[in-house]
Each structure stands twice: as structure tokens, then as C-alpha cells.
Amino acid sequence: MTELPDTRSLWLDTAPAPDRTGTPLPREVDVAILGGGIAGLTTAYRLMKAGRSVLVLEAGRLAAGVSGHTTAKISTQHGLKYATLAKTKGTDAAATYAHSQASALEWIAATTAELGIECGFTRAESFVYTTKPETVESLEREAEAAAEAGLPATYVTGVDLDVSALGAVKFTAQAHFHPRKWLLGLAEEIERAGGTIVEGIRAEGVDELGGTLVRTSVGDVRASEVVVTTHYPMLDRGLFFARLDPVRDLVVAGPVEGNRLPDGMFLDADTHHSVRAYLNDGVRYGVVGGEHYRVGASVDVESRYELLAIWAARNAGLHRVTHRWSAHDLSTLDNVPYVGRYHPASRHLWVATGFGQWGMTGGTAAGLLLADLVTGKDNPSASLYDPNRFDLRSAISTVENNATVAKFLIGDHFSALRQPAPLEELTPGEAKVTRVGGELVAAYRDPEGELHAVGAHCTHLGCLVAFNNAEKTWDCPCHGSRFALDGSVLQGPAVRSLPKKRER
Ligand SMILES: Cc1cc2nc3c(=O)[nH]c(=O)nc-3n(C[C@H](O)[C@H](O)[C@H](O)COP(=O)(O)OP(=O)(O)OC[C@H]3O[C@@H](n4cnc5c(N)ncnc54)[C@H](O)[C@@H]3O)c2cc1C
Ligand code: FES
């Protein structure tokens, strides 16, 4: 068994941030931006530049959500995206997507230089490769479709990584960086220009009637416009919970042997293992992702970390894991993010979500687009990303997606009800969802013997949570909410804690 450290992101560990939890909440602003990840901070920065007064309201800490737990490749190569987009939405749509993502990449490059943000922005080539003969043809098609969409893509027969690749799609002039250093730099610029950033306060609701009002536990904020960039949209009225699929990925990082890891960025088209290098205080680190699963599914997360560490040692020369972390991202029904009006009738409420594992350019493109939409400027990608678009394929996927959720909502209840287990029988380190009296309880006994028991129904729409044994959290399989052992919300769409339960 591989010795692994406690879970902690390399990006959070190497970029300390000032504490903004005591900042007073303004009563009124032009634009309230809910969520301080890459989508929210980019939107806020652009709106500041357009002369608006902005508030960024962050429930936890800035850039500590998914944007602080990413692998941070800044690339327009989004897996095998362009052949599929061309087929399902047409070559014009594929070109519009490519152009908006490439503009986001170049905007980051220009803005890091202009503002002098030291975030390790480094140009690199990007590769999606395969080791399977049956995948080669789809890579050839992807290279053609991406080039037709205007991207610097070619098909090559090998990659400079220790894998037996049979072929790959190569994109030149891509990049990677330290995502948190970039976002903390943007946050400083927002404040320097007069914007307000408040950490540690969760938006609990938004009223749209009679002016837009953000509700929080410590008071309300009136805003002319509200932008929801909470990763999973925290308001149910856009029915996003029926249109987004949360998939969780694990990451391990650590120093690599000699110079074994090349500069490029790599993705296995079949297994989705992802590799990039990062220079951490002069030491070359490998950052390796993979072993994805649906959030809240009953999987042994610890074993998956071990499998990933073995893969990273074998294929990327990562001889010691110093950091490991996981996070989930959301995919939309047609694999194009939702960016624009929150619902068809909303006039002053906006949203960005569903970056499908590609939120470095995706979240940035969303920020650039939202700033245009809020300030009334035309943007050629607006209709492609419109959250209220509809097509038949999406409708079919909605039905499939909701059937999966229904399985978690109904099926899990029956199995938990069938197997009641007294809480006193839980051994140290053991966790269970079980019936206690008439209710379902999520209980964990820590290694010191203390019992942590909370209600097992997710406070979003009531699915049963499942235990994540690596991070010691309760994760909801339906839409990806995550809760700490004391029931507090770690990640939405839920905004209310799981109620604490006492041992009986
Ligand atoms: C393991 C992994 C690897 C990835 N690798 C890459 C990669 O290499 N390249 C790439 O392009 N993309 C990658 N992605 C995807 C990318 O990281 C995400 O798409 C992106 O970070 C999402 O940004 P966001 O701003 O939408 O969300 P977040 O960064 O999560 O920001 C949302 C913020 O909203 C806050 N919030 C939530 N609810 C509330 C509320 N009610 N009130 C106030 N605040 C709230 C949260 O605390 C959080 O800080 C990866 C994703 C994962 C999971
Ligand atoms: S996240 Fe929707 S029910 Fe739990």
C-alpha cells in the first residue's frame, strides 16, 4: 500500500491569502457576484474595468473551491471536443466555441503580463493521446475538426511521455499556471480599483421582484444586477439541477525523478489520466489527475487515490506524493457551458456554470461574456452559451440524468431503511447511513471514538448523502453538494447545513 499524505491542494498550500472574512457587507452595489472562483473573479474584474461598483460574495475563501483544486491547464484542447461539437451543433458552433476559448487563453496571457501577476504562467504544448488502436481514428478526426475550427491542432504519432501512445492530437501555444496565485492577483486588482470582496458569508437567496436583492444570514444587499458563479448555481429556479452532471476527479502531486517529466500537458483519451509539470520553488513537480467517479457514488476513494499514485509513479516519474486533493466539475447536457440569463424571464440575474473539466479557459470566457452581457455589449458567442437554449438531444439527456438522480433519491432510501444499525456498534473510522428511530442518520465514528451524527437527507432536494472516506465528508450523489462531519455545507447547491443528531 502506498503511503499518502492528508488531502490538501498544492495550490492552496503554496499561495496564502489575506483573510477577508471581516469585511463589512455593503448595502447597495451595481453588481453582486456570488462566488469567488475563476468565473466570479474574472467577471468582477471585467465589470470593475467597465466602471461598475462590484461586490464579490464568497461563502468560504477566495479561489479555494474547484478553482483551487484543479490541474490548471489553460488550454483550448478540451478532450475530444471539436469533432463532437461539429457533428452535434455544426462547424460554425465549433468555431465559435474555439474562438471564445482561445480569446480567454490570450486574455489571461495578456492580463498576467499587464498586471505583473506572478502566477507561473508558462506556454506549453498540449496532447490528447491514445494507447488503444480503436481510438486512433477518432483522434485523427478530432485533429481535423479542431484545425477546421481555427485552432493550432495537428495529428502526431507519439508523445514525449512515458506511455505507449499510438497517436495523439497536438495543440501548440497552450499554457498552464498556478490558478490561485492568478486569482488572488485579480482579487487584489479588484480591491485596488474600489471593489469589495467579502469572504465567509453564504448567499442564501436572491429576490428578483421589485429590484434585485441578495439575501444572506447577516443582511441583504441591493444590487442592480446579480451574477451567480457559485459553481453549482445556488438557486433552483433555472432547473440547473436537472441539467448538470457532477463528476469528481482525484489529483496527486509531488517531485518527479530527474527531468523525466516533459514540459507538455497530456491527457489519455481513454482513461482520462491527466499530466502536467509545475515548478514549485525550483523543484519540478508532476500534477497528475484521474480515477474519476460520480460524486457520492459508493466508491472506496482511498483505494482510488492509491491507484492514481501507482499510475503517476509508473507513467510520470512521480516518486513521492506530497499533495493530493479532489474536486468535482459539472458537465452540461450538450457539453457547452451555460453562461447568460439565469432563466428565460430573468432581466438582472445571470449565471455561469458547467465547464465540464475545462473551466480555466471556460470560466474566463464566461467572465468575459458575462461582463459584455451585463453592460449591454454584443458578444458573438452569447447564443452558443445561452443557458436557456433547447434541443432535442439535451431533452433526452435530461431524462437520462434525472433517472440517475431518481435512483439515488428512491433506491438508496430503501436500502438504508432495510438495514438499521445501532450507532453504538460503529467502530472507530467507520461511517454509515442508517435508520435511528424513524429517521435516517449519517454517522461517523472518528479514530478517537467520538461520534459525529447528522441528518442523512441532503438539504438541497433530499437525496441521501454517502461517505467519502478520503476527505471525511458526506457527499450527495444527486447534484454534488458536500457536507463536513458537523453537517456544515462545504459545496452547494445546498445552502443549509445537515441538522446535527444525537446518539440515542
Ligand atoms: C480535478 C479537476 C481538475 C481540473 N483540471 C482542469 C484543467 O486542467 N484545466 C481546466 O481548464 N479546467 C480544469 N478543471 C475545471 C475547472 O477547475 C473548473 O471548471 C473551474 O475551476 C470552476 O470554476 P468556478 O468559478 O465555476 O467554481 P469555483 O472555483 O468552485 O468557485 C465557486 C465559488 O462559489 C462559492 N460559493 C458556493 N456557493 C456559494 C453561495 N451560496 N454564496 C457565496 N459563495 C458561494 C464557493 O465557495 C466557490 O469558492 C478541473 C476540475 C477538476 C475537478
Ligand atoms: S445536491 Fe441536490 S439533492 Fe443533494
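User: Why is Ala63 called buried?

Analyst: Ala63 has 28 other C-beta atoms within 10 Å. A residue is buried if 20 or more other C-beta atoms lie within 10 Å of its own, exposed if 12 or fewer, and partly exposed in between, with C-beta atoms placed from the backbone. Ala63 is therefore buried. This is a predicted model, in which local features need pLDDT of at least 70, side-chain atom pairs count only at pLDDT 80 or more, and totals for chains, interfaces and linings use all residues. Residues are numbered from 1 along each chain as its sequence is written, while chains are lettered from A and ligands numbered from 1 in the order in which they are written.

User: What makes Ala72 buried or exposed?

Analyst: Ala72 has 27 C-beta neighbours inside 10 Å, so it counts as buried. Ala72 lies in the loop between strand 2 and strand 3. Its phi is also positive, near 60°, in a residue other than glycine.

User: Why is Glu430 given the class it has?

Analyst: Glu430 has 14 C-beta neighbours inside 10 Å, so it counts as partly exposed. Its place is the loop between helix 10 (392-418) and strand 18 (431-436). The C-alpha atoms of Glu430 and Thr322 are separated by 26 Å, and the two residues are 108 apart along the chain.

User: How do you know how helix 4 and helix 8 are oriented to each other?

Analyst: The axes of helix 4 (residues 91-115) and helix 8 (residues 359-374) come within 8 Å and cross at roughly 90°. Axes are lines fitted to C-alpha atoms, for helices over the stretch in contact, and angles run from 0 to 180 degrees between N-to-C directions. Angles under 35 degrees count as roughly parallel, over 145 as roughly antiparallel, 65 to 115 as roughly perpendicular and the rest as oblique. Helix 4 and helix 8 are therefore roughly perpendicular.

User: Which residues of helix 4 meet helix 8?

Analyst: Among them are Ser100, Ala104 and Trp107 in helix 4, and the helix 8 side includes Thr361, Ala365 and Leu368. Contact requires C-beta atoms, placed from the backbone, within 7 Å. By class, this contact of helix 4 with helix 8 has six nonpolar, six polar and no charged residues. Ala, Val, Leu, Ile, Met, Phe, Trp, Tyr, Cys and Pro count as nonpolar, Asp, Glu, Lys and Arg as charged, and the others, Gly among them, as polar.

User: How much of helix 8 is buried?

Analyst: Helix 8 is mostly covered, with 15 of its 16 residues buried. Gly376 follows helix 8 and has a positive phi, near 75°.

User: What does helix 8 give to the shell around ligand 1?

Analyst: Helix 8 gives five residues, the largest share. Of the 42 residues around ligand 1, Gly35, Gly37, Gly65, Thr70 and Gly359 come nearest. A residue is near a molecule or strand if its C-beta atom, placed from the backbone, lies within 6 Å of it. By class, the shell has 16 nonpolar, 21 polar and five charged residues.

User: What kind of peptide bond joins Gly492 and Pro493?

Analyst: A cis one, with omega about 20°. Pro493 lies in the segment after strand 24 (489-491).

Conventions: Helix = DSSP H or I, 4+ residues; strand = E, 2+ residues; numbered from the N terminus. Contact = placed C-beta atoms within 7 Å.
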